Amino acid sequence: MAEIVKQILAKPIQLADQVIKSADEASSSFKQDCAELKSKTEKLAGLLRQAARASSELYERPTRRIIDDTDQVLEKALVLVQKCKAHGIVKRVFTIIPTAAFRKMAAQLENSIGDVSWLLRVSASGESRDDEYLGLPPIAANEPILCLIWEQIAILSSGSLDDRCDAAASLVSLARDNDRYGKLIIEECGVGPLLKLVKEGKLEGQENAAKAIGLLGKDRESVEHMVHAGVCSVFAKILKEGPMKVQAVVAWAVSELAEHFPKCQDLFAQHNIIRLLVGHLAFETVQEHSKYAITSNKTNSIHAVVLASNSSNSAVSNVVKPVDDDKPSKVLHPMGNKNPSQMHNVVTTTMAMNGNPKPKSNDVANQSNTAKGDNNGNVKHNPVGHHHQQSLSLSGTSIKGRELEDPVTKAYLKKMTARALCKLAKGNSPICRSITESRALLCFAVLLEKGPEEVKYDSAMALMEITAVAEQDSELRRAAFKPNAPACKAVIDQLFMIIEKAESDLLIPCVKAIGNLARTFRATETRMICPLVKLLDEREGEISREACIALTKFASPLNYLHLDHSKAIISAGGAKHLIQLVYFGEQIVQISALTLLCYIALNVPDSEDLAQAEVLTVLEWASKQPLLTQDDKVESLLQEARGRLELYQSRGSRGFH
């Protein structure tokens, strides 16, 4: 970098020397004008040499722009002063240079002096930089925002930690206000200093830098640039051992980058970010392992558990010893001191069915819980602690520090963790397999039951994306969503309760998740049909539409039990609701309702309930509606369903209007 800057500065320094020399040779007619130009050029040359001496500190991006402009100004100045040289009487008589040309050149040299002076100030290290406002250089007249970005990135590169924190906050504001500003921050090499601040800054600076990274990832090119800059390894480091507040912002940033550039999902997975996120999700949500003996009378210290894990796998490192290593503490279930609930029993059973696998030491450090809960499920911390308790770090590797974090921060971390897992899982089978093989499904089930509302929503969204992948991936579906698996049952139970209540913002993602799992239900498992059918009756258009789509997945021929499910839909009164939606529903609902009605007619054409509801009449009416038959697939399905009903239902049972 320093050598590049020296090369950039070499030419303008040489030009400045030539201007000074030529000004000394000017004829007497132009002596005074050239003297002024010489004075300004000498000042500019001094600044350029100062810049060359400080080349290692200069910020390259503005250096190139400013020196290029300065170079052009000095070339024009050289041409002007060379015209003023004494070359005999004839030349002197016929050389006419307007006075305005000298004034204009003096102004341009003054601007160059201002630009180079600003460059030196903005590139100064934190110790030597003045606290006073730097202002904007003359070059900023056409694009002031660019120079503001230069200033903030320069401070990020060489300022004090406090100054870097403020600079990151300024970049957050710029990136949030305008996507173009975000592009400029990336183009002007702002990503590297931001990532460095995420690793090395104070807590507030780390938060601001991580937030800026998330805001900058608005498109594929931007995210790809950040991936090449090393964002994956930096985020993995923070998620492993950073402060909890920073981990929450990093989890949000991961979700933003994965959403705008899905190809980076696998890169995050390669850096172990999936396991780290699941670890944060499981912290104070489920137990790490069944040997934590929730119902056991023996009280095991966390330190003993960590040592046992360490001795069983000597290759595992990064185990952090808790501060209260000699104080025994029980690991209680997530609901506090309540009697074990059904969900708690599911958690315990599932952990026991895992065959006592060896826990990873970092997971132990992240997930062990020495807090006691009150009757409301809130964490109460033991007031009697180590005598150094006030100085405990709140880093990701400090168990006690994580427990002492405030509930709002814990909830926010879980929310952002669930959101990140949702975006990482979207359309990615290997990542979904990694998530479902961990404790994540149990965590989502517990959070849907007892978590804060904002955490519930992101948990539901994550389940929706995971089940969407499982719907297309039969191997994942069979492995992760076995009907008799306790974790799967826990998830289904929570989805069922939410759909049955039908009062929550979680309704749509839960309906979608159940529809995605339609092929996993047995013929006897009909409890999900009734609440879905109820959603067809006088609900908002979007909810009715999603209920139709979910029920269609039960009735579709792709579902092995489509006949049983179709009969269950009819028994629950689905036909009359679907007829109402086809006739009078909103346009976004009509096609979905018609599709479901056609599948039911194909599957159970001899149903007396369909005959009594005059479904054939509805289908004949629908076949004459252009809006309902625009899609070739719908039109083909409609004609096939009509043909089947005409075969099985006598004309005497049909009513005509």
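The accessible surface of the protein chain comes to about 30,200 Å², of which 49% belongs to carbon and sulfur atoms; such areas come from the Shrake-Rupley method with a 1.4 Å probe, and for residues only the protein chains shown count as cover. This is a predicted model, in which local features need pLDDT of at least 70 and side-chain atom pairs count only at pLDDT 80 or more, while totals for chains, interfaces and linings use all residues. Residues are numbered from 1 along each chain as its sequence is written, and side-chain values use heavy atoms, with hydrogens and water left out.

The term pLDDT denotes the predictor's confidence in each residue, from 0 to 100. The protein chain averages a pLDDT of 80, and 78% of the residues score at least 70. Over residues 88-94, however, pLDDT stays under 50, and the model has two contacts for this stretch beyond four places in sequence; contact means heavy atoms within 4.5 Å. Residues 652-657 also have a pLDDT below 50, with eight contacts in the model beyond near neighbours in sequence.

The overall architecture may be considered next. The protein chain has 34 helices and two strands. Helices (H or I, at least four residues) and strands (E, at least two) are DSSP runs, numbered from the N terminus. Of the 657 residues, 54% count as buried. Buried means under 20% relative accessible area, exposed means over 50%, and partly exposed lies in between (1.4 Å probe, protein chains only). Among the contacts with a separation of 6 or more, 75% are accounted for by residues 24 or more positions apart.

In helix 5, one finds Ser112, which counts as buried because its relative accessibility is 3%. Not counting residues up to four places away in sequence, Ser112 touches Leu44, Thr70 and Val73. The C-alpha atoms of Ser112 and Ile66 are separated by 7.7 Å, although these residues are 46 residues apart along the chain.

The structure holds five aromatic pairs. Rings of Phe, Tyr and Trp (its six-membered ring) pair if their centres lie within 6.5 Å; planes under 30 degrees apart count as stacked, over 60 as edge-to-face and the rest as tilted. One of the pairs, formed by Trp118 and Trp150, is tilted, with 6.3 Å centre to centre and 45 degrees between the planes. This pair links distant parts of the chain, since Trp118 belongs to helix 5 (residues 99-122) and Trp150 to helix 6 (residues 144-158), 32 residues apart. Both Trp118 and Trp150 are buried.

Tyr583 and Trp621 form an edge-to-face pair, at 4.9 Å centre to centre and with 65 degrees between the planes. Here too distant parts of the chain are linked: Tyr583 is in helix 30 (residues 574-584) and Trp621 in helix 33 (residues 615-622), 38 residues apart. Tyr583 counts as partly exposed because its relative accessibility is 28%, and Trp621 counts as partly exposed because its value is 30%. Together with Phe584, these two residues form one aromatic cluster.

In helix 30, the buried residues are Gly574, Ala575, His577, Leu578, Ile579, Leu581 and Val582. Their cover includes helix 27, helix 28 (541-555), helix 29 (562-571), helix 31 (587-603), helix 32 (608-612) and helix 33. Helix 33 is mostly covered, with seven of its eight residues buried. Its buried residues pack against helix 30, helix 31, helix 32 and helix 34 (632-648).

Leu619 is one of the buried residues of helix 33. In the largest nonpolar core, which has 197 residues, Phe235, Leu532 and Leu619 touch the most other members. A nonpolar core is a set of buried Ala, Val, Leu, Ile, Met, Phe, Trp, Tyr and Cys residues joined through side-chain atoms within 4.5 Å. Leaving aside neighbours within four places in sequence, Phe235 is in contact with Ile213, Val250, Ala253, Val254, Leu257, Phe268 and Ile273.

Ala523 is placed in the loop between helix 26 (507-516) and helix 27 (529-534). Ala523 is partly exposed because its relative accessible area is 34%. Beyond its neighbours within four places in sequence, Ala523 is in contact with Leu561 and Asp564. The C-alpha atoms of Ala523 and Asp564 are separated by 6.2 Å, with the two residues 41 residues apart along the chain.
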